[in-house]
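Here's a quick briefing to keep open beside the model. We'll go through the pockets, then a cavity, then the sheets.

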Amino acid sequence: MSLSYLSPTQTNLITFSDTCKSQTHLLKLQGGFCFKRKDVKLAGKGIRCSAQPPPPPAWPGTALVDPGTKNWDGPKPISIVGSTGSIGTQTLDIVAENPDKFRVVALAAGSNVTLLAEQIKAFKPQLVSIQNESLVGELKEALADADYMPEIIPGDQGIIEVARHPDCVTVVTGIVGCAGLKPTVAAIEAGKNIALANKETLIAGGPFVLPLARKHNVKILPADSEHSAIFQCIQGFPEGALRRIILTASGGAFRDLPVEKLKDVKVADALKHPNWSMGKKITVDSATLFNKGLEVIEAHYLYGSDYDNIEIVIHPQSIIHSMVETQDSSVLAQLGWPDMRLPILYTLSWPDRISCSEITWPRLDLCKLGSLTFKAPDNVKYPSMDLAYAAGRAGGTMTGVLSAANEKAVEMFIDEKIQYLDIFKVVELTCAKHQSELVTAPSLEEIVHYDLWARDYAASLKSSPGLTAVALV
């Protein structure tokens, strides 16, 4: 099978040189998506990209504790960027349950005044930011009957001040999109550890953020379940012990649907996740498997693994959150009920483990669960995988363009402006358009610029001739 919307050449063989080793990677890409760069040289049947030194990984295949790093007394002081979102509210639930372990010194929110006011009353942060400056008066009014009034700094500057608050040790970054980049950079420059829940920090910003984190000796702790699983598995690994990363995926709404029927699926179909209820965007990403493709890129930046050594496997039960293979072929896995609170908790408590109530943190019962199953993902059903691996190997600004184009394409699909299969085509065309402008070592300004460019370009494709004539044959 092949994707009929792709170029008549069907399959191009592209050769990328490994940035970490001298071996050569072979990547089969459908169509003409072959990321040309200024340093590209023709080499035999494929295209060889000359070696570009990769940014230093956050955790080079091992997680070791630096001795004598604790520099606070009492509960660990934290800041939360995006306190009224899903990550922020779950983080505050953890703080409320463990007041002897954590305390909140600063909160940043968007426009949910009612919830932010409740959070201020409950946790009494020293500093608060609300994105919409016009809501400051409403927030103060909501706090009029409270016995506490924090300092309030609105807008982008307020978010940055929350991220680099002098008393905080760890910043939870829960803002979605490239809006989370600048406060994360501010926190790193201030020497704060990052509890990372913002994908763009690494997918778009990895080439800039990782060297900055290394310079300031800042730890980037993954707060999503898959990368937390890997992080937990590599604790204490000796250098060079990690051989392979295995990312598990639920398979999304269409994991059991025959591939030839994808051309007819609707938005409502894509939003029927077989395991749980999530937001629309992440649910569609789960259906397309773009969520896992983006996690492959994150895994490369977090742990330094070559793309050849990062694999995806469909695991319908979503109990094993990811696995690692060691050089001696042992496989370690982290298991648990699907619950975002656990990875969030571990980013806050690391390297410690905190005892949790069995009432609010139910223990895993494997006998009750019964069985765990696995299968290889279908590259025809999920062309997102080839696109993500190709963007990752290209590096630089290409990974951010991939993510931004996908976000815009999903938005257009949810708004019923394009068909489901058009999501892949929009992303492919946007990345192909960007290849002539790819920046391998971008500045923060260039990362933000190409994120915005990708969204605009992807949006322009909704009316392109033939775009909606996508079909699988």
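Domain bounds here come from an automatic or database domain assignment. This is a predicted model, where local features need pLDDT of at least 70, side-chain atom pairs count only at pLDDT 80 or more, and totals for chains, interfaces and linings use all residues. Residues are numbered from 1 along each chain as its sequence is written, and side-chain values use heavy atoms, with hydrogens and water left out.

**The largest pocket**

- Domain 1 (76-239 + 337-355) and domain 2 (252-288 + 378-461) both contribute to the lining of the largest pocket, so it sits between them.
- A pocket, on a 1 Å grid over the protein atoms alone, is an open set of points with protein on both sides within 12 Å along at least five of seven lines, and lining residues have an atom within 4 Å of a point.
- The largest pocket has a volume of about 1400 Å³, where volume is the space filled by probe spheres set on the points, with grid points joined across faces, edges and corners.
- Of its 50 lining residues, Ile-87, Lys-199, Met-278, Ile-282 and Met-340 are the closest to the centre.
- Elements giving two or more residues to this lining include α1 (86-97), α10 (280-288) and α15 (398-414); helices (H or I, at least four residues) and strands (E, at least two) are DSSP runs, numbered from the N terminus.
- By class, the lining splits into 15 nonpolar, 22 polar and 13 charged residues. Ala, Val, Leu, Ile, Met, Phe, Trp, Tyr, Cys and Pro count as nonpolar, Asp, Glu, Lys and Arg as charged, and the others, Gly among them, as polar.

**The second largest pocket**

- The second largest pocket holds about 740 Å³ of space.
- Of the 34 residues lining the second largest pocket, Thr-69, Lys-70, Trp-72, Lys-76 and Val-169 are the closest to its centre.
- Helix α12 gives the largest share of this lining, 3 residues.
- The lining of the second largest pocket has 14 nonpolar, 10 polar and 10 charged residues.

**A cavity to look at**

- The whole structure has 3 cavities of 30 Å³ or more, a cavity being a set of points where a 1.4 Å probe fits but cannot get out.
- The second largest cavity has about 60 Å³ of space, and among the residues lining it are Ser-225, Gln-232, His-321, Trp-337 and Asp-339.
- Two or more residues of that lining come from each of α8 (225-233) and α12 (341-349), with α8 giving the largest share, 3 residues.

**The parallel sheet**

- Seven strands make an open sheet with parallel pairing, in the order β8-β7-β6-β5-β9-β10-β11; two strands pair if DSSP finds at least two bridges between them.
- At the edges are β8 (151-152) and β11 (220-222), each pairing on one side only.
- Inside the sheet, β9 (residues 170-173) and β10 (residues 193-196) run parallel and are joined by 4 bridges.
- Look for Thr-173 opposite Leu-196 in β10.

**The mixed sheet**

- Another open sheet has 4 strands in the order β13-β12-β14-β15, with mixed pairing.
- Its edge strands, β13 (310-314) and β15 (331-335), each have a single partner, so one side of each has no neighbour in the sheet.
- Strands β12 and β14 run antiparallel, with 5 bridges joining them.
- Ile-246 stands opposite Met-323 in β14.
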